[in-house]
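Here is a short walk through one protein model.

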Amino acid sequence: MFKLFKKKQDKFILLLIEQASLTFKGVETLQEYMKTHDHALAEQLTQIEKEADEVRRILIAELNRSFVTPIDREDIFALSRAIDDVVDYAY
């Protein structure tokens, strides 16, 4: 019976963590690119930026579908936008 009331991991937090992880990976790739000027790293950064944009798109779709969010929906949106800005600037 207690399994019915077990708290599950929040999807918004997981999506924000995934978006932040991709952003961190993108910034590390940019840092390595600045050292070596390897064209393959630039392509990798482009791919990471696209993946981060897709995670943000999923997060916004979930926000639009959800009635209740763990924290204010405007705060989730603003945090996601700020994280996305970082990877966009790196791109």
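The accessible surface of the protein chain is about 6,700 Å² (Shrake-Rupley method, 1.4 Å probe). Carbon and sulfur atoms hold 60% of that surface. The model is predicted: local features need pLDDT of at least 70, side-chain atom pairs count only at pLDDT 80 or more, and totals for chains, interfaces and linings use all residues. Residues are numbered from 1 along each chain as its sequence is written, and side-chain values use heavy atoms, without hydrogens and water.

Now the fold. The protein chain has three helices and zero strands, where helices are DSSP runs of H or I with at least four residues, strands are runs of E with at least two, and both are numbered from the N terminus. The pattern along the sequence is α-α-α. Along its principal axes, the C-alpha trace spans about 55 × 25 × 15 Å.

Of the 91 residues in the protein chain, 30% are buried. Buried means under 20% relative accessible area, exposed means over 50%, and partly exposed lies in between (1.4 Å probe, protein chains only). Take contacts (heavy atoms within 4.5 Å) between residues at least 6 apart in sequence: 67% of them join residues at least 24 apart.

Finally, look at Asp88. Asp88 sits in helix α3, residues 73–90. Is Asp88 buried or partly exposed? Asp88 is partly exposed, because its relative accessible area is 29%. Leaving aside neighbours within four places in sequence, Asp88 contacts Glu49 and Asp53. Leu16 is 72 residues away from Asp88 along the chain, and their C-alpha atoms are 16 Å apart.
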